[in-house]
Amino acid sequence: MADKNINLRVKATGTEKAARGVGKVDKGLGALAKSAAGAAAAFFGARMLISGMKEVIELSKQQALAEAQLNAVLKSTKNVAGLTAKELKNMATSLQSQTRYGDEAIMTAQSLMLTFTKIGKDVFPDAIETVMNMSEAMGVDMKQSVIQVGKALNDPILGVTALRRVGVQLSTQQEQAVKDFVAVGDVASAQAVILGELETQFGGVAKAAGKTLAGAFEQMKNAQGDASQALGQAFTPIMVNFATVMTTAAKNSRSFYLSL
């Protein structure tokens with residue numbers, strides 16, 4: 001009987017040890033699962049954040065490029081137009097809020113218009129708005145419209161002929177007025193005649209489009225883009241640090257899985 005009891009105790013002890021061993025294995029597997037899940041969550045969370053930040057960074061780059069181009073042209077033309085970078089940016093922001101065009105696209109158009117050095121500060125705002133109206137009405141890229149309007153204003157006499165080729169027809173009286181103004185060196189008045197006719201044909205089109213449903217959604221998109229740009233500028237140092245930390249974490253995770 002005693003031997004039987006001893007055998008039972010031995011078996012019980014063995015069973016307990018086995019159970020404890022299984023428990024340890026379970027705990028180990030649980031810890032491993034938690035570690036793997038944590039690493040996976042961090043990985044996919046980082047992927048989602050990086051994906052979202054890509055758009056923020058890209059929009060910030062576009063804004064920075066547009067501003068850099070504007071500053072470069074102002075410098076190369078020795079600011080002959082008489083407008084500062086701040087004034088041009090404010091103009092672009094104002095026009096963005098009233099049309100379907102983003103301020104980066106408007107600043108790009110401004111940069112190109114500035115290369116036509118006979119367009120002064122009194123004419124420039126109307127010239128840019130005319131470009132936007134023509135582009136909206138004709139369904140063409142603003143770059144194309146800038147070149148057409150810029151050439152016409154930079155050399156009004158030849159410009160009248162160039163505009164005629166794209167369907168903008170000045171009257172005989174208007175063409176004569178352009179020639180008369182240029183003859184006495186009053187280029188600004190000649191430019192005003194051309195812009196007046198362009199206003200008659202296309203005036204207000206861009207702002208009218210901004211009031212449509214499509215315009216409302218474009219303005220919303222542009223406003224969100226501006227917010228993303230501001231976020232990108234503010235978070236750039238943080239994102240650099242985040243990228244460094246995640247790179248280290250990814251390397252450590254790789255080492256961890258390889259060691260299993």
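User: Where is Asn 79 placed in the chain?

Analyst: Happy to start there. Helices are DSSP runs of H or I with at least four residues, strands are runs of E with at least two, and both are numbered from the N terminus. In this predicted model, Asn 79 lies in the loop between helix 1 and helix 2. Residues are numbered from 1 along each chain as its sequence is written.

User: What is phi of Asn 79 near, and what is phi of Lys 78 near?

Analyst: Phi of Asn 79 is near 55 degrees, a positive value in a residue other than glycine. Lys 78 is found in the loop between helix 1 (2-76) and helix 2, and phi of Lys 78 is also positive, near 55 degrees.

User: Why does Lys 78 count as exposed?

Analyst: Buried means under 20% relative accessible area, exposed over 50%, and partly exposed in between, using a 1.4 Å probe and protein chains only. Lys 78 counts as exposed because its relative accessibility is 72%. Asn 79, at 31%, counts as partly exposed. Over the protein chain, buried residues make up 30% of the 260 residues.

User: How do I read the packing of helix 2 and helix 4?

Analyst: Axes are lines fitted to C-alpha atoms, for helices over the stretch in contact, and angles run from 0 to 180 degrees between N-to-C directions. Helix 2 (residues 85-96) packs with helix 4 (residues 124-138) at about 35 degrees, their axes being 12 Å apart. Contact means heavy atoms within 4.5 Å. On the helix 2 side, Leu 88, Met 91 and Leu 95 meet Phe 124, Pro 125, Ile 128, Glu 129 and Met 132 of helix 4.

User: At what angle do helix 5 and helix 6 pack, and which residues meet there?

Analyst: Helix 5 (residues 142-154) and helix 6 (residues 156-165) pack at an angle of about 145 degrees, with axes 6 Å apart. From helix 5, Gln 148, Lys 151, Ala 152, Leu 153 and Asn 154 meet Pro 156, Gly 159 and Leu 163 in helix 6.

User: How many helices and strands does the protein chain have?

Analyst: The protein chain has ten helices and zero strands. Among its contacts between residues at least 6 apart in sequence, 68% join residues at least 24 apart.

Note on methods:
Predicted model: local features only at pLDDT ≥ 70, side-chain atom pairs only at ≥ 80, totals over all residues. Heavy atoms only, no water.
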